[in-house]
Amino acid sequence: MNGQNMPLICVLNLLAKSLDSSLTASTESLNDVGRTKSINSFEVEMRNWATAFFLYTNSANVHFERCFIKHDNQSHAPEFPTKSSLLSVDYAVTKNLLDYSSSSIMNLTQELFDVLQHEVEKSVLIPRVKNHLTLGTTKLRGGFLDYHELIVGLISQNQHTFSDYHLNNACTTRLVDDEVDNGKWVVGWMKCYLQGKDLETINAVQKSR
Amino acid sequence: MPLFSDEIRVLESPIDVMYLMHKAFMIHSERTEALADKAQDGGDITNLKNALDAWIAQLLYHAKIEDAHMTGPLKDTLFQDGRMPLRDNVEEHDELRLQGSALMDQFQQGGKSALRKQVASVILDMEDKDHAELMGKVEEVETVIGQAIGEKKVLARTRRHLYESVVSFKVTEFDHFENEEAFVLPLVKDQMSDSEELECVRKLLFDDESVEPRWIIDFVAGELEGNERALLNELEKQIQNQSK
């Protein structure tokens, strides 16, 4: 999983690890449908995944916008405050690249739900449909990891604002604070998939609330 | 007849060799998929390249012979749902050729093509910009984004995309085999005599234009075991008898 360019305590990393693990587990669980598991539980897992991805996207946008200086005069595009190789690429292209990536993932998610809705009859998972669901989760995982690597690559270019936003778990706290249930659901969901130091981190954030 | 994914105990008609061939192809495809999955963790990909080459070579030959000697001479039929088995079969072959070719390009070009494609798509989607000017910057944007992501991640992304394409190719192949068995093989049995079927099967299993005509039957036999391989051997004897 990505993470070498950013400190461990970034909520994007924690969410990304959870999203990746969740997809891997759900894909593997397709082998158990009809034996120890129902297709409905797979569908619930994917709905949870989509909810967590939505939170990831919101946080990714906040991280990204913090990397740029916005001008009062709107005819001037936002720009990087410090010297960076990204200076040669304008804000609009970069922003569009991120938006394009996230909307592609949403489309892939919808395609997966379409397969579930239209192809799964009476909860029976035939091999052909299982193949398509596996292809769906494989594409989703690939698209998501591409997106995560892109956002981490871009925001890590500006170490100054990046560090500011990660003192005292600032970005994690903001994600939790912005949720109507104070992050209870998303923290609980992440805890199902995190291990080791990542789990300790999220536990610490939870205790500090 | 059972599906190719079941155990095949008997060939009721020579064209039923398709069940054995489809089964052998799918076994190879699944092994290739596993190699592509493992390649995502890094390491040498020579075995994956060899497996992909064999997979695509077999499928291309198979589709070519089917179009010319199996579905080609048959008369199509129209189902109530609009399906026309022979027309659809040819279209599915075209899709397999397209995906196979794209897969090989992807393998040869590496990660640059995927990232460049993504950047180019984004730029074309931007409404308020001069596309011509921006398209000229695709390479520059790709380089900068590549640097931001890091070389190691670009390689990981390449392997990941390759794995996705392999999975997608396998799913298309699986669907095609199921469709062919359900809708095309009954037409073959209805419209061809046993002797015509056997000649079609001979062309499917032996490449008359190759210096090694057995490269298909040997591949199929190599993937099968026990009773299924014995069924193939028996069919080969029938082909030899007919050729005498």
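Trainee: How do you know how confident the predictor is in chain A?

Mentor: On pLDDT, the predictor's confidence in each residue from 0 to 100, chain A has a mean of 83, and 82% of its residues reach 70 or more. Within chain A, confidence is lowest in helix α5 (residues 159-164), at a mean of 66, and highest in α1(A), at 95. As this is a predicted model, local features need pLDDT of at least 70 and side-chain atom pairs count only at 80 or more, while totals for chains, interfaces and linings use all residues. Residues are numbered from 1 along each chain as its sequence is written, and chains are lettered from A in the order in which they are written.

Trainee: Why are α1(A) and α2(A) called roughly antiparallel?

Mentor: The axes of α1 (residues 11-29) and α2 (residues 39-65) of chain A come within 10 Å and cross at roughly 160 degrees; angles over 145 count as roughly antiparallel, and therefore the two helices are described in that way.

Trainee: What makes up the contact of α1(A) with α2(A), by class?

Mentor: That contact has 14 nonpolar, six polar and one charged residues, where Ala, Val, Leu, Ile, Met, Phe, Trp, Tyr, Cys and Pro count as nonpolar, Asp, Glu, Lys and Arg as charged, and the others, Gly among them, as polar.

Trainee: How many residues of chain A are in contact with chain B?

Mentor: Taking contact to be C-beta atoms, placed from the backbone, within 7 Å, 25 residues of chain A are in contact with 27 residues of chain B. The largest share of chain A's side, 15 residues, comes from α4(A).

Conventions: Two residues are in contact if their C-beta atoms, placed from the backbone, lie within 7 Å. Helices (H or I, at least four residues) and strands (E, at least two) are DSSP runs, numbered from the N terminus. Axes are lines fitted to C-alpha atoms, for helices over the stretch in contact, and angles run from 0 to 180 degrees between N-to-C directions. Angles under 35 degrees count as roughly parallel, over 145 as roughly antiparallel, 65 to 115 as roughly perpendicular and the rest as oblique.
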